[in-house]
Amino acid sequence: MVRIVLCNCPPEDAPRLARQLVEERLAACVNVIAGVTSFYLWEGELCEDQEHTLLIKTTEERYPELSARLAELHSYSVPEDIALDSARVAAAYHSWVHETLSHS
């Protein structure tokens with residue numbers, strides 16, 4: 001199973017997080033989507049922030065370690081960590097993700 005993890009972060013943190021997760025073989029690939037405006041409630045206040053969205057591709061087996069590491073590395077006290085199970089993944093891509101993360 002390939003998991004896609006959604007995580008927003010400050011623009012200045014995105015490259016560091018993406019590189020580190022891939023270098024540590026917790027993610028096979030991380031896409032950084034720039035220019036997201038997020039509106040949310042934090043401690044009773046409405047906030048509006050510019051963020052980048054990370055689309056993190058990992059395996060079901062690596063997800064628990066990725067989630068724990070993301071919490072350690074992220075600058076937010078409560079980082080977004082939404083894991084989606086993929087319904088369909090091309091066989092070649094599925095194999096590549098699993099092969100990439102099995103060499104840790």
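Mentor: Let's call a residue buried under 20% relative accessible area, exposed over 50%, and partly exposed in between, using a 1.4 Å probe and protein chains only. The model is predicted, so local features need pLDDT of at least 70 and side-chain atom pairs pLDDT 80 or more, while totals for chains, interfaces and linings use all residues. Residues are numbered from 1 along each chain as its sequence is written, and side-chain values use heavy atoms, without hydrogens or water.

Our part is helix α1, residues 14-23; helices (H or I, at least four residues) and strands (E, at least two) are DSSP runs numbered from the N terminus. Here A14, L17, A18 and L21 are buried. They lie on the same side of α1 because they cover an arc of only 95 degrees around the axis, taken from the directions from the helix axis to the C-beta atoms. That buried set packs against β1 (2-9), β2, β3 (45-59) and α2 (63-73), where contact means heavy atoms within 4.5 Å. On the face turned away from the buried side, α1 carries the exposed residues R19 and E23. Just after the helix, R25 adopts a positive phi of about 55 degrees.

F39 sits in strand β2 (residues 29-42) and counts as exposed because its relative accessible area is 55%. W96, in helix α3 (residues 91-101), is partly exposed because its relative accessibility is 37%. Setting aside neighbours within four places in sequence, W96 contacts A28 and C29.
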